[in-house]
Amino acid sequence: MTKFLLPAVAAVALVAAGCGGSGESSEPVATNEVSMAKSYVFEPKVIEVEAGETVTWTNDDNFTHTVQVDGQEDHKVEQDESVSITFDTPGTYRYVCTLHRQDMDGEVIVQ
Ligand SMILES: [Cu+2]
């Protein structure tokens, strides 16, 4: 248990120190569920999972969105639908909605 808690606390502390306190939305959240919430956002924006976990994005917005991880296959997600991607290799993966890349991006940190 302690093994899992310590790195998470350290990561949050680093983010807070680096951003001067204004980066509330960029603190990693330990979850494998991301909502495409109203409107044009991934919520939470930065998540943290264990290697081998599957992350599910669900479109709760009124518009079609996509999930494209690190330039790989683009997954179209219609309203009320979802897409799941499994992350086997540790690392930091950035992703975007290719329809709204100015507004919609996020990060999956795989431990
Ligand atoms: Cu979008």
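Visitor: What makes Val 108 a contact partner of other residues, and which residues does Val 108 touch?

Guide: Contact means heavy atoms within 4.5 Å. Leaving out residues up to four places away in sequence, Val 108 touches Ile 47, Val 49, Val 55, Trp 57, Phe 87, Gly 91, Thr 92, Tyr 93 and Tyr 95. This is a predicted model, where local features need pLDDT of at least 70, side-chain atom pairs count only at pLDDT 80 or more, and totals for chains, interfaces and linings use all residues. Residues are numbered from 1 along each chain as its sequence is written, and side-chain values use heavy atoms, with hydrogens and water left out.

Visitor: How do you know which residues are the protein donors of the copper ion?

Guide: Donors are N, O and S atoms within 2.8 Å of the metal (3.2 Å for Na, K and Ca); water is not among the atoms, so sites may look incomplete. His 65 (ND1), Cys 97 (SG), His 100 (ND1) and Met 104 (SD) lie 1.9 to 2.7 Å from the copper ion. Their sequence spacing is H-x31-C-x2-H-x3-M.

Visitor: Why is the arrangement around the copper ion called tetrahedral?

Guide: Four donors count as tetrahedral if all angles lie between 85 and 135 degrees. The 4 donor atoms subtend angles of 86 to 134 degrees, so the arrangement is tetrahedral.

Visitor: Why does His 65 count as buried?

Guide: Buried means under 20% relative accessible area (1.4 Å probe, protein chains only). His 65 has 0% relative accessibility, so His 65 is buried. Met 104, with a relative accessible area of 0%, is therefore buried too.

Key: Tetrahedral: all angles 85-135°; square planar, octahedral: opposite > 155°, others 65-115°. Buried < 20%, exposed > 50% of the residue type's maximum accessible area, 1.4 Å probe, protein only.
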